[in-house]
Amino acid sequence: MSALFEPLKLRSLELQHRGWVSPMCQYSCDPDDAPGVPHDWHLMHLGSLAAGGAALILTEAAAVDAEGRISPRDAGLYNDAQAEAWQRITSFVHRYSAADAKIGAQLAHAGRKASTYWPFSGQHGSVPQSDGGWATAGPSPSAFDGYAVPAEMTEEQIQEVIRDFAAAAVRAVDAGFDTLEIHGAHGYLLHQFQSPLINARTDSWGGDEAGRNKLMLAVVDAVRDVIPDSMPLLLRISASDWAEGGVDLAASVRLAREAAEHGVDLVDVSSGGAVAHQQIKAGPGYQTGFSAAIRNEAGVPTGTVGLLTSAGQAEHAIATGQADGVFIARAALRDPHWWLRAAFELGHNIPWAPQYERAVPRRTF
């Protein structure tokens, strides 16, 4: 039996297999008429992945407040109109998925990397307020390369962000999501507080590793407190800043261990994004070692991601105990039916949508 296509249970959530969809920003919301509201593009995009056999689909980053969006075209979960639009999508995924797909919302705040141009805008850097942008804030008044300098967050602003994550979690549950992921990676707000390369605070929200991790864990606590006990909670982290003096694997193992004690059920292990001078040593499966170390040393289930494009790579990561699930990203954009093809290649059968069953390939081996 294929290891990749073994089921997995997290709390009461039963996943048909371990091939999942990584969060991928689409930068497709209408910033003028419906800011932060997902629409037909998101329905089509996520629905196609459900029809393609994914067992778990995580949405793109959904900002917990308007100022937390990466760009003016990013999705949100900070008002009821957004929640209603997401509910249409969760219902669609549940109804039309091939492999009883579950869908999770990734809750996020971009911090100093907010209010930026989207990748296909033809422009780079921070969007000025005259063009629909907004002032940003972070742990310290230091800018990401080429972006606007953020304001240092006050105690009240920090507490407000924690409340915003909890409020977004309540909306996500009401919108029909099966699980939630807190985005603590890729140089966004929670990672900004965690990284010593960014957080220069001397109050209780900085100063040492415990202080830098405080916001991440406070958000975990706030979200865990408002979602059903039966619902699993995921946390995405950057296991390494890939820069001297930044977050390293040992620190990430400690964070993951503590996060699990606070109610996180699976750590989604990525890396990088904190600083522009990072030196990433990328290659096929280049982050699976991070996932394996966190899984084994912190004793928490993990998901792995990053240049995993083939069924064989994904199967190897699970079979060798490097992760409990594999998140597929750009390979899924190239082939929204990646999981149907992977199952065939690995000699495993998963359900096809009945409308597509006439196309099920015949086995010749």
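View 1. At 44% relative accessibility, Arg163 is partly exposed, a label for residues between buried (under 20% relative accessible area) and exposed (over 50%), using a 1.4 Å probe and protein chains only. Glu156 is partly exposed too, at 47%. Arg163 and Glu156 form a salt bridge, with their closest N and O atoms 2.6 Å apart. That term means a side-chain nitrogen of Lys or Arg within 4 Å of a carboxyl oxygen of Asp or Glu.

Before you go on, note that this is a predicted model, where local features need pLDDT of at least 70, side-chain atom pairs count only at pLDDT 80 or more, and totals for chains, interfaces and linings use all residues. Residue numbers start from 1 along each chain as its sequence is written, and side-chain values use heavy atoms, leaving out hydrogens and water.

**View 2. Glu14 meets Lys9.** Here the closest N and O atoms of the salt bridge are 3.9 Å apart. Is Lys9 buried or exposed? Lys9 is exposed, with a relative accessible area of 53%. Glu14, at 46%, counts as partly exposed.

**View 3. Arg341 pairs up with Asp335.** The two side chains meet in a salt bridge, at 2.9 Å from N to O. Asp335 is buried, at 19% relative accessible area, while Arg341 is partly exposed, at 34%.

**View 4. A network of shared partners.** Which residues do salt bridges with shared partners join into one network? They are Arg11, Arg224, Asp229 and Asp265. Zoom back out, and the structure holds 14 salt bridges.
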